[in-house]
Structures are given as structure tokens and as C-alpha cells.
Amino acid sequence: MKNLKLVILSCGVVGLLALIVPVSDRWPLTDMFEIDKLGAIVYAAIFVLPAAMAALALARPPMQSWQPGIALAAFVLGVVRFRVWDLVLHLGSIGLAGILVCAAVIIGTLAAVAALMKPEAV
């Protein structure tokens with residue numbers, strides 16, 4: 001179960017970094033905040049919530065059933081908001097940041113589902 005927590009934490013951090021790290025002198029999340037503040041908060045929450053839940057579970061084991069539930073809800077929101085089905089079809093043209101976001105959302109969703117299906121022993 002500790003591995004699942006680490007995977008969820010890693011996916012949250014990698015996804016958030018993909019939104020924060022500048023791409024060709026542009027800051028993606030900063031640009032989102034200028035256009036739509038609420039939308040940018042939602043995009044940040046997609047990765048911050050799972051990372052926070054996994055960090056909390058690592059700091060105070062065992063992982064409670066609501067923690068992977070919140071992580072799963074955030075990652076599923078990411079699947080819809082980023083339209084992962086379109087990203088997967090265009091992996092060659094979305095760049096490294098897009099590939100990292102896509103991978104973080106998909107792997108994070110699978111890890112959160114696995115953590116929900118197999119609760120941690122108390």
C-alpha cells in the first residue's frame with residue numbers, strides 16, 4: 001500500500017510541475033490565472049488534492065478510505081478537464097508537458113482505484 005501512496009504522490013507532483021514549469025518562456029498555470037482564475041484553481045486542485053492526500057497518508061498511516069476517494073475524484077476530474085482521450089491520440093504533438101500531464105492523470109487514476117479496492121490494514 002505504501003507503493004500506491006508514493007505513486008499517487010508522484011503523479012500529483014509531476015502533474016503540478018508540468019503545469020508550473022515554463023514552456024517556451026510561458027508559464028502555463030500563470031497564463032491560466034490571467035484568463036480564468038477559477039479554472040486555474042481547478043487545474044491546480046486536480047494535482048494538489050491527490051498529492052496532499054498521499055502525503056497525509058504517508059505522514060499518518062494507515063491510509064483512510066476517504067483519502068484515495070478524494071484522489072480518485074480529482075484525477076477523474078483531470079481526465080475530463082484535460083480530455084485525456086484526445087491527448088492520448090495526439091501524443092506526438094502535445095509536447096513534454098502534455099505527455100507528463102496525461103501520464104500523471106492516467107497513472108494516478110489507476111493507483112487511486114487500486115488504493116480504494118485494497119484498503120490498508122490498520
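Okay, quick definition before we start: when I say buried, I mean under 20% relative accessible area. And keep in mind that this is a predicted model.

So, helix 3. Which residues in helix 3 are buried? They are Gly 39, Ala 40, Tyr 43, Ala 44, Ile 46, Phe 47, Pro 50, Ala 51, Met 53, Ala 54 and Ala 57. Those buried residues pack against helix 1, helix 2, helix 4 and helix 6.

Now the geometry. Helix 3 runs to 23 residues and covers 31 Å from its first C-alpha to its last, close to the 33 Å expected at 1.5 Å a residue. There is a bend in it, though, of about 35 degrees at Ala 45.

Leaving out residues up to four places away in sequence, Ala 45 touches Pro 50 and Ala 74. Going along the chain from Ala 45 to Ala 57 is 12 residues, and their C-alpha atoms sit 18 Å apart.

Last bit, the core. The largest nonpolar core has 26 residues, and the ones touching the most other members are Ile 8, Leu 19, Phe 47, Phe 82, Val 101 and Val 105. Helices 1, 3, 4, 5 and 6 each give two or more residues to this core. Take Leu 19: beyond four places in sequence, its contacts include Tyr 43 and Phe 47, plus Phe 82 and Val 101. And Phe 47, you'll remember, is one of the buried residues of helix 3.

Terms used
Residues numbered from 1 in each chain as written. Predicted model: local features only at pLDDT ≥ 70, side-chain atom pairs only at ≥ 80, totals over all residues. Heavy atoms only, no water. Core = buried A, V, L, I, M, F, W, Y, C linked by side-chain atoms within 4.5 Å. Buried < 20%, exposed > 50% of the residue type's maximum accessible area, 1.4 Å probe, protein only. Helix = DSSP H or I, 4+ residues; strand = E, 2+ residues; numbered from the N terminus. Contact = heavy atoms within 4.5 Å. Expected span 1.5 Å × (residues − 1). Bend = angle between axes of the 7 residues up to and from the residue.
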